[in-house]
Amino acid sequence: MVSINLVIAILAHAIVLSGVIPLFVWLPLLPQILLAVCFAVSLWQERFGSWRLKGWRLNVAAVPLFIYYASQFSRHNAVEPVSCLLVVMLSVRLAGEKNGRHYLQILALSLFCLSASTLFDLSPSFLLHLFAMLFMVASALVLLAFHESDSCMSLSRADMRRVLWAGMLMPLASLPLLLLFFALLPRTQLPLWNFLNMQGAATTGFADKVEPGAVSVAASARVLAFRAEMPQMPQKQLYWRGTVFNRLEGNRWRRDDKVPAEQLIYGHPRIRQIIYQEPGLSRYVMALDAPAETYARRVLRSPDGVLLQLYPSGRRFSHEAHSFQGGVLAVASAIRRDFYLRLPGSVSPRIRQLVADLVAGIDSDGKRLAALEGYLRNGGYRYAAQDMPIGEDALEQFLFVKKQGNCEFFASALGIMLRLAGVPCRLVGGYLGGEYNQLGGYYQISEDMAHVWVETHVAGQGWLRIDPSSFAVNADAVWSPRAPGFWKRLVMVVDSAEHAWNRSVVTYDLESQMEIARSAGRRLQRIKGLRLPEVGAPWLLSIASVGVALIIWLWRRWFHLSREQRIIRAFAARVRRDYGLTVVPERQGLYGLARQTGSRRMAEFADIYAGAVYRDRRLTREECGRLRAIIRAGFKQ
């Protein structure tokens, strides 16, 4: 015999673990310690039946914590205090004495804790914890119904298995409705967890300014920036455009939003990609350089090809873009050269003299660009993220002394030199490269791939993409892709599962619903011979719904019959077919029918059926199979 109390206690502690594990890593240290201690105390009490702490004493002891976390609640800090309060309440309930009502409180608080974890992160593991908790909660609720009638009840192992199976079947029955409602029900464009937690949104290596000389060491962070579903391409063609820096102030390049009007001409062919950006506070929308078309609502295109959201949503953002990969953007009309030639008065005289010497006697933009490129290519410059020049004269040190730096130094140096030479230019910020996931068919771009390059305008050609970092003597060693090892391939498998979750669940919103509806409509229109009037479709759908409801109503009793009842009804139908006898099983004995008809098969049927049902036990699977075989064979011999 198995005690119901024991099984309920085991399920309750397993439910607590499923609810708090996703939330635990986001909690401050004090709630983590409190929860761990109270969980251990609860296990001790269940094992040894001692140290029963009174509930009112625990509530009094927890009052200071309630006051402390409640005082921290504000519009900009709502998630962490609420999560801590939930954990404190759960800890108090775990450490105290327990009855049926207390167990219900533990189940509810565990569900709330799992929900609170989505305020920080909605990862695929959430689905595993949710399903595990739903199955365990359903079983626990069934057992608590028995516990309410008799708290000391015990069941046999077989009965306990049947009770647990019955509890677990209830969530399974709701899965089809869950999938249907997920596809049909509306959802907000701004998920609650990101709206409340925007202050804690992930940052990115992509920045809104370029300032060489601010730091001597640039640390790289292997944090995901976005994914891009598209065919695999050579690494050196993977320039992801984010923003354009068109104004130089001292050593800092920034963006002036008053961009001069110009009409860029995008050629063909174009690469289609679907971008899934991670949450953040930036308005910039990423796409392969240069995005000719983008299909996304609330996204504006600047004259210089920069894509901007109307407002930073703080949520995962997906859009489709078609990009031209030529590396040259023609312009339909003249550009404002003065706008792209502006320089501060603080440019180093030494750099001015260098540029004057390099372009002396050269009268065209293309030749001046070639002269400056040649200087950087043959100057022995190295790409490095450590021991970089710092201070106001950082660019001068880079060009004449240290001759090493990161992409900001290379791009800034070439940009200043081009403007000094009278060649219009601007800096472009984004990302370079990506790791291709063969399983998922997408690129994964992380923050350490953030990059800056130069666009320069040459008369008769347009805007040319120039990456001065590629002029470094060690450029190939820095950017050469490495073959993924076993561990990396395993990580890619896990990442493809997470990407599928984000694409199918997290970023599935009203726009996705509308696109699915439009796609279904287009497919229906392609079906030849389909001449269904639009007015008649709702009527046909209504008639079909009424028909399904009528069938369910007519057969409603059949769905509630037990296995034994269905078999005896099939038996009565077979006897009526074979002998023309109307059988009422509740009023006629099976053995009497067997003697009346003289059928050996009917006698065998009576022995098997009566041996189980008349002895108050259910038919086994083997017995049911044999009885159905007898009915199919018939009783006439």
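This report walks through the fold of one protein chain, from its overall make-up to a few local details.

The model is predicted, so please note that local features need pLDDT of at least 70 and side-chain atom pairs count only at pLDDT 80 or more, while totals for chains, interfaces and linings use all residues. Residues are numbered from 1 along each chain as its sequence is written, and side-chain values use heavy atoms, with hydrogens and water left out.

## The chain as a whole

The protein chain holds 21 helices and 22 strands. Both are DSSP runs numbered from the N terminus: H or I over at least four residues for helices, E over at least two for strands. Of the 637 residues in the chain, 43% are buried. Here buried means under 20% relative accessible area, exposed means over 50%, and partly exposed lies in between, with a 1.4 Å probe and protein chains only. Contact means heavy atoms within 4.5 Å. Among contacts between residues at least 6 apart in sequence, 74% join residues at least 24 apart.

## Strand β21 and its partners

Strand β21 covers residues 450–458, and eight of its nine residues are buried, so the rest of the structure largely encloses this strand. Strands are said to pair if DSSP finds at least two bridges between them. Strand β18 (residues 425–432) runs antiparallel to β21 and is joined to it by seven bridges; V428 has W453 in β21 as its bridge partner. Strand β22 (residues 462–466) also pairs with β21 in the antiparallel sense, over five bridges, and E455 stands opposite R465 in β22. The hairpin of β21 and β22 has three residues between the strands, and G460 there takes a positive phi near 90 degrees.

## Around strand β20

S446 belongs to strand β20 (residues 442–446). With a relative accessibility of 4%, S446 counts as buried. Its side chain makes a polar contact of 2.4 Å with the side chain of D448. A polar contact is a pair of N or O atoms within 3.5 Å; within protein, one must be able to donate a hydrogen and the other to accept it, and residues adjacent in sequence count only if both atoms are side-chain atoms. Leaving aside neighbours within four places in sequence, S446 is in contact with R222, V223, L224, A225 and Y431.

G440 sits in the loop between β19 (435–437) and β20, and G440 counts as partly exposed at 30% relative accessibility. The C-alpha atoms of G440 and M492 are 8.6 Å apart, although 52 residues separate the two along the chain.

## A three-stranded sheet

Another group of strands forms an open sheet of three in the order β9-β13-β12, with antiparallel pairing. Its edge strands, β9 (284–285) and β12 (299–301), each pair on one side only. Three bridges join β12 to β13 (residues 307–309), and V299 stands opposite Q309 in β13.

## Helices

Helix α1 runs over residues 4–24. Its 21 residues should span 30 Å at 1.5 Å a residue, and the end C-alpha atoms are 29 Å apart, which agrees. The expected span is 1.5 Å times one less than the number of residues. S3 caps the N-terminal end of α1, with a side-chain oxygen 3.3 Å from the backbone nitrogen of N5.

Helices α10 (residues 365–377) and α12 (residues 407–420) pack at an angle of about 145 degrees, and their axes are 10 Å apart. Axes are lines fitted to C-alpha atoms, for helices over the stretch in contact, and angles run from 0 to 180 degrees between N-to-C directions. At this packing, L369, L372, Y375 and L376 in α10 meet L414, M417 and L418 in α12.

Most residues other than glycine have a negative phi, and most peptide bonds are trans. The table gathers places that depart from this.

| Site | Backbone value |
|---|---|
| H268 and P269 | cis peptide bond, omega about 0 degrees |
| D289 and A290 | cis peptide bond, omega about 5 degrees |
| D387 | positive phi near 50 degrees |
| K403 | positive phi near 55 degrees |

P269 is placed in the loop between β7 (264–265) and β8 (270–277), and A290 in the loop between β10 (287–288) and β11 (291–295). D387 lies in the loop between β16 (382–383) and α11 (394–402) and is partly exposed, with a relative accessible area of 47%. K403 is found in the loop between α11 and β17 (404–405); K403 is partly exposed too, at 28%.
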